[in-house]
Structure formats: C-alpha cells, structure tokens
Amino acid sequence: MGTYQSFARVYDLFMDDIDYEGWSRFLTGKLKEAGIREGLILDLGCGTGEMTERLAAEGYDMIGVDGSPDMLEEAEEKKLETGHEILYLLQDMREFELYGTVRAVVSCCDSLNYILEPEELLRVFRLVNNYLDPGGLFLFDFSTEEKYRQIGEDTIADSREEGSFIWDNFYDPEEKINQYDLTFFLREDSGLYRKYEETHMQRAYSAEEIKTLLQEAGMEFLQAFDSYSEEPPGTESQRIVILAREQGKSKKME
C-alpha cells in the first residue's frame with residue numbers, strides 16, 4: 001500500500017480537480033435521508049482531511065483514520081486552522097480500532113483500491129460492520145477496472161509553481177493491479193527543487209465482487225451509484241459509490 005510520503009505535501013494541490021464540495025453534499029444527503037443528522041462518523045482513509053473537514057462543518061463528530069503519518073500531519077494543520085474537534089488516528093485500515101461504535105463510515109478517493117487482496121478487503125468490511133451502530137451506514141467509493149484500462153500504460157505530467165510531478169502508469173488486466181510510479185520535484189525554502197519518488201499500487205474490483213464481500217462481512221448492500229450522482233453505474237463508470245448497512249447487530253437485538 002502506498003503511504004503518500006512526499007506526495008502528502010502537495011496532494012491537495014494536484015488533486016484540485018476533485019469536486020469535494022459535490023461529494024460532500026452527496027454524502028450528507030444520504031446520511032440525512034437515513035436520519036443521521038449528527039453523531040460520530042468515521043472517515044476511513046481520510047488522507048489530508050478534505051472530506052473529514054467538510055463533514056465536521058456539517059455538524060458531525062468526526063474521526064479520521066489513515067495509514068500515512070504525512071497525510072495526517074497535513075490534516076492536523078487544517079484542523080488547527082478550522083478549529084474543528086476531529087480525532088485523527090494513525091492506523092492501517094485493515095486493522096483499525098475505535099473506542100466504540102459510530103453512526104456511519106465513509107471512505108472516499110479510492111482509498112479501498114489500495115487493499116490489494118480480496119480477503120484483506122473482507123477484513124476491512126468486517127471491521128467496518130463491527131464498529132457501526134446497529135443499522136449504521138457505510139458509504140464508500142472505488143475506481144473501476146474501466147478507469148484503469150483507460151489510463152493503461154500512460155504518462156501524466158503536471159507542473160505548478162510549488163512543484164511538478166510525472167505519473168507513469170501501468171495496468172495489469174490479469175492481476176487487476178494498477179501501478180503508478182510518481183516522480184516529484186518539490187520547491188524547497190531555498191528556491192531549489194528536490195526530487196522525490198514513490199510507487200503506488202491499487203486493485204480493480206467489480207461492483208459484484210464488492211457486493212459479495214459486503215454480504216460475506218455481514219452487511220446489507222443497499223445501492224450503487226455512478227460516482228457521486230443519483231445515476232446507476234454502467235459499463236463506462238470510472239468510479240462507483242456504494243451504500244451499505246450494518247445488519248448483524250440489528251438481528252441480534254430482535
């Protein structure tokens with residue numbers, strides 16, 4: 001799993017094409033439809049806290065879990081600026097632990113694609129189910145194989161005043177593993193640029209695979225969406241959002 005070390009410093013800069021505001025409206029809309037207007041929410045794979053901050057601004061008590069100390073350092077800086085009382089935990093999502101249950105869990109920006117083995121993703125889903133309140137919601141997205149196929153063997157480059165990056169991509173359709181090698185040139189205080197290199201790997205999952213794993217983890221699959229829209233996913237969908245619900249505790253309480 002990539003840990004976003006040097007990339008954490010400029011992650012928000014180079015990901016400024018993501019519609020966090022729109023995604024946040026979608027998530028809060030689904031939460032409120034289910035009657036979840038306040039209370040504890042976990043942002044799993046929270047990164048630099050972009051979504052965590054937005055949900056906190058909506059009045060939710062937020063917990064952010066991420067495996068990258070560099071990403072969480074950026075998130076903590078945002079928290080100092082906003083004053084939101086967010087609890088950030090440095091944990092591997094495959095082994096995360098909370099102090100109690102939460103009303104909902106969200107996970108955005110392909111965080112779950114970093115789980116390369118289906119059995120490990122099942123472990124994550126079981127943990128989510130364990131830490132959800134009875135009937136609690138799980139809202140998450142994942143990139144599809146269609147997205148990785150379209151990128152294929154491609155090189156993407158971007159340059160800004162603060163730095164530049166080169167993204168060399170390779171997708172293995174047999175293993176369903178997408179690898180991208182990142183090379184960064186980040187501007188230091190001296191005005192000189194320092195070179196950094198990182199390699200990240202993600203796995204493509206189909207909606208059916210995800211649905212099966214959710215059910216195996218004890219959750220109820222509710223709905224799938226084409227990205228953060230009300231449209232159903234299709235063969236051309238590059239990002240799918242899943243809505244699932246905890247059901248194990250509810251059954252035990254009946």
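Q: How many aromatic pairs does a search of the whole structure find?
A: The search finds 12 aromatic pairs. Keep in mind that this is a predicted model.

Q: What does the pair of Phe125 and Phe140 look like?
A: Phe125 and Phe140 form a tilted pair, with 5.5 Å centre to centre and 45 degrees between the planes. Phe125 is in helix H5 and Phe140 is in strand S5, 15 residues apart, so the pair links distant parts of the chain.

Q: Which strands does H5 lie across?
A: Helix H5 (residues 118–131) lies across S1, S4, S5 (132–143), S10 and S11. Its direction is at about 145 degrees to S5.

Q: And what is the order of the strands in the open sheet of 7?
A: The order is S3-S2-S1-S4-S5-S11-S10, and the pairing is mixed. The edge strands are S3 (87–90) and S10 (219–226), each of which pairs on one side only. From one strand to the next, the twist averages 15 degrees.

Q: In which sense do S10 and S11 pair, and over how many bridges?
A: S10 and S11 (residues 239–246) are antiparallel, with 7 bridges. Within this pairing, Glu220 stands opposite Arg245 in S11.

Q: Which strands does H3 touch where it packs on the sheet?
A: H3 touches S1 (40–44), S2 (61–66), S3 and S4 (102–107). The direction of H3 makes about 170 degrees with that of S2.

Q: Back to H5. At what angle do H5 and H7 pack?
A: The angle between H5 and H7 (residues 207–216) is about 50 degrees, and their axes are 9 Å apart. H5 and H7 are therefore oblique to each other. H5 passes H7 in a right-handed crossing.

Q: Which residues of H5 and H7 meet?
A: On the H5 side they are Pro118, Leu121, Leu122, Phe125 and Arg126. These meet Ile210, Leu213, Leu214 and Glu216 in H7. The residues of this contact of H5 with H7 divide into 7 nonpolar, no polar and 2 charged. Phe125, a residue of this contact, is also part of the tilted pair with Phe140.

Q: What about H2 and H3, at what angle do their axes cross?
A: The axes of H2 (residues 20–33) and H3 (residues 50–57) cross at roughly 50 degrees and come within 10 Å. H2 and H3 are therefore oblique to each other. H2 passes H3 in a right-handed crossing.

Q: Which residues make that contact?
A: H2 contributes Tyr20, Glu21, Trp23, Ser24, Leu27 and Thr28, while H3 contributes Glu50, Met51, Arg54 and Leu55. By type, the residues of the contact of H2 with H3 are 5 nonpolar, 2 polar and 3 charged.

Q: Changing topic: what is the order in the open sheet of 4 strands?
A: That sheet runs S6-S7-S8-S9 with antiparallel pairing. Its edge strands are S6 (155–159) and S9, each pairing on one side only. The twist averages 15 degrees from one strand to the next.

Q: Over how many bridges do S6 and S7 pair?
A: S6 and S7 (residues 163–172) pair over 5 bridges in the antiparallel sense. Ile156 stands opposite Trp167 in S7.

Q: What do S8 and S9 form?
A: S8 and S9 form a hairpin, with 5 residues between them. Gly191 in the turn has a positive phi of about 95 degrees. S8 (residues 177–187) and S9 (residues 193–203) pair in the antiparallel sense over 11 bridges.

Q: Which residue in S9 is the bridge partner of Leu182?
A: The bridge partner of Leu182 is Glu198.

Technical notes:
Residues are numbered from 1 along each chain as its sequence is written. This is a predicted model: local features need pLDDT of at least 70, side-chain atom pairs count only at pLDDT 80 or more; totals for chains, interfaces and linings use all residues. Side-chain values use heavy atoms; hydrogens and water are left out. Axes are lines fitted to C-alpha atoms, for helices over the stretch in contact, and angles run from 0 to 180 degrees between N-to-C directions. Helices (H or I, at least four residues) and strands (E, at least two) are DSSP runs, numbered from the N terminus. Angles under 35 degrees count as roughly parallel, over 145 as roughly antiparallel, 65 to 115 as roughly perpendicular and the rest as oblique. A crossing is left-handed if the near helix is turned anticlockwise from the far one by less than a right angle, and right-handed if clockwise. Contact means heavy atoms within 4.5 Å. Ala, Val, Leu, Ile, Met, Phe, Trp, Tyr, Cys and Pro count as nonpolar, Asp, Glu, Lys and Arg as charged, and the others, Gly among them, as polar. Two strands pair if DSSP finds at least two bridges between them. Rings of Phe, Tyr and Trp (its six-membered ring) pair if their centres lie within 6.5 Å; planes under 30 degrees apart count as stacked, over 60 as edge-to-face and the rest as tilted.
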